[in-house]
Amino acid sequence: MRQPLVVGNWKMHGSRASVASLLDSLVAAQRLSGAEVAVCPSHVHIAQAVERCAGTQIAVGGQDCSHAEEGAYTGDVAAAMLADLGCRWVIVGHSERRQYYGESDALVAAKASAAVSVGLQPIICVGETRAQREANEAEAVVAAQIQGALQAQEDLAGLVIAYEPVWAIGTGLTASPEQAQQMHAYIRSLLEGIANVDAQTTRILYGGSVKPGNASELFAGEDIDGALVGGASLVADDFRAILECAARQR
Ligand code: PGA
């Protein structure tokens, strides 16, 4: 049985004050949910989030990490730094990183491996663009991303995959529950073929305009084990409602 997992990706949003008030609301609400929950603030708000979430069910993660262990990489944050602050998770390969910073599958693989080596659980994001879906290339694109990120890994402890169709991120468009379930089942079949991965216990999250109004129908999919939530994770009531949908899933 896979425990549902809901992760908030706060992207480049927030101030100390807004982070404090959002976390206050989530901490007050967290006991209501039977799902596992994590929030990924910007790097500069991680210490604040870890402190506020100490002793609660809410785990904290980074939105990205360097592929390198340490060194002259101005502006980068090492996986070990996130672990040292108290993070449990780190998102790698988000489509915004792939799109705006040209991150390749090889770099995503190196970041995932850097994360695992310091005990962080990587959330590896994959997903096709609208043009790729319209050209019937969605499965081929996702397969290449999964294989590129996972194939050469020796250790993938705690791995989570997030399927986030690029055309559904922040657009208000969502994959239909059927489209999402179909891709999740396909991803699970790909995981079956990868060494060091237990496909049946690996959680596969859906991401892309998940809201309280569409979460239940998405979570009904057999292979949909929770969500990576952007916009709605910045609104405490919405994130809490999504968590409740996930907790009811199993
Ligand atoms: P969204 O973002 O929920 O705002 O579409 C999801 C994500 O990018 O992780």
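A polar side-chain atom of K11 sits 2.7 Å from an oxygen atom of the ligand. Here a polar contact is a pair of N or O atoms within 3.5 Å. The side chain of N9 has an N or O atom 3.4 Å from an oxygen atom of the ligand. The protein buries 96% of the 280 Å² that the ligand exposes when taken alone. Those areas come from the Shrake-Rupley method with a 1.4 Å probe.

This is a predicted model, in which local features need pLDDT of at least 70, side-chain atom pairs count only at pLDDT 80 or more, and totals for chains, interfaces and linings use all residues. Residues are numbered from 1 along each chain as its sequence is written, and side-chain values use heavy atoms, with hydrogens and water left out.

Now the interior. In soluble globular proteins, nonpolar side chains tend to be buried together. The largest nonpolar core holds 67 residues. Such a core is a set of buried Ala, Val, Leu, Ile, Met, Phe, Trp, Tyr and Cys residues joined through side-chain atoms within 4.5 Å. Buried means under 20% relative accessible area, exposed over 50%, and partly exposed in between (1.4 Å probe, protein chains only). I124 is among the residues that touch the most other members. Setting aside residues up to four places away in sequence, I124 touches V92, V108, A112, A149, L150, L159, V160, I161 and A162. Another core, of 13 residues, lies apart from the largest one and includes W89 and L205.

Next comes α2 (46-53). Helices (H or I, at least four residues) and strands (E, at least two) are DSSP runs, numbered from the N terminus. H45 lies in the loop between β2 (36-40) and α2. H45 is buried, at 8% relative accessible area. Its contacts (heavy atoms within 4.5 Å) include H13 and R16. Within α2, I46, Q48, A49, V50 and C53 are buried. The buried residues of α2 pack against α1 (16-29), β3 (58-62) and α3 (79-85). G55 follows α2 with a positive phi, near 80 degrees.

Notes. A polar contact is a pair of N or O atoms within 3.5 Å; within protein, one must be able to donate a hydrogen and the other to accept it, and residues adjacent in sequence count only if both atoms are side-chain atoms.
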